[in-house]
Amino acid sequence: MFRLWGKEFKDNRLLKDIVICEDEPGMSRTARVFHAVTQICLAFDLAEPIWLDANIKEFQRRDKTRFNQDNFIETIDFDYLEIHVIEE
C-alpha cells in the first residue's frame with residue numbers, strides 16, 4: 001500500500017490535510033506519486049503544482065517536498081503545500 005499525505009499551511013498553521021491511498025498493482029512509484037498529487041489538488045480545489053528541480057531532488061532525498069507560490073501558475077491563498085510519503 002502506498003500512502004501520500006498532503007498538507008496545506010499558512011503562517012505555520014495546518015489548514016487542511018488529506019491522506020491518499022494507492023493500491024493499484026503494477027503502477028510505478030512515480031505514477032503513484034503523480035496520481036496522488038492530482039487527487040490532493042482535486043480535494044483542495046487547486047491547480048496542479050509544477051515540479052521544479054529543487055522539488056524533485058528534495059522528494060528523492062527525503063520522500064517529502066513543499067510547493068509554494070513559485071510552483072503554481074495561479075495565486076494561492078496559503079504559504080505552501082507539503083506532500084510526504086508515509087507508507088510504501
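A pocket is an open set of grid points where a 1.4 Å probe fits, with protein on both sides within 12 Å along at least five of seven lines. Lining residues have an atom within 4 Å of a point. The views below show a predicted model.

**View 1. The largest pocket is lined by eight named residues: R29, T30, V33, F34, W51, I56, F59 and Q60.** About 170 Å³ of space lies in this pocket. Helices α1 and α2 are the elements that give two or more residues to the lining. Helix α1 gives the most, with 4 residues. By type, the lining divides into 5 nonpolar, 2 polar and 1 charged.

**View 2. Four strands form an open sheet.** The order is β2-β1-β4-β3, and the pairing is antiparallel. Strands β2 (13-22) and β3 (64-67) are the edges. Each edge strand pairs on one side only. From one strand to the next, the twist averages 20 degrees.

**View 3. Strands β1 and β2 form a hairpin.** There are 2 residues between the two strands. D11 sits in the turn and has a positive phi of about 55 degrees. The strands pair in the antiparallel sense over 9 bridges. G6 stands opposite I18 in β2.

**View 4. Strand β1 also pairs with β4.** These strands run antiparallel and are joined by 7 bridges. Here the bridge partner of G6 is I83 in β4.

View 5. T65 stands opposite I83 in β4. Helix α2 (residues 53-62) packs on the sheet and touches β3 and β4. The direction of α2 makes about 155 degrees with that of β3.

**View 6. K7 lies in strand β1.** Is K7 buried or exposed? Its relative accessibility is 7%. The cut-off for buried is under 20%, so K7 counts as buried. Which residues does K7 touch, not counting those up to four places away in sequence? K7 touches L14, K16, D17, Y80, L81, E82 and H84.

Key: Residues are numbered from 1 along each chain as its sequence is written. This is a predicted model: local features need pLDDT of at least 70, side-chain atom pairs count only at pLDDT 80 or more; totals for chains, interfaces and linings use all residues. Side-chain values use heavy atoms; hydrogens and water are left out. Two strands pair if DSSP finds at least two bridges between them. Axes are lines fitted to C-alpha atoms, for helices over the stretch in contact, and angles run from 0 to 180 degrees between N-to-C directions. Contact means heavy atoms within 4.5 Å. On a 1 Å grid over the protein atoms alone, a cavity is a set of points where a 1.4 Å probe fits but cannot get out, and a pocket is an open set with protein on both sides within 12 Å along at least five of seven lines; lining residues have an atom within 4 Å of a point. Grid points are joined across faces, edges and corners, and a volume is the space filled by probe spheres set on the points. Ala, Val, Leu, Ile, Met, Phe, Trp, Tyr, Cys and Pro count as nonpolar, Asp, Glu, Lys and Arg as charged, and the others, Gly among them, as polar. Buried means under 20% relative accessible area, exposed over 50%, partly exposed in between (1.4 Å probe, protein chains only).
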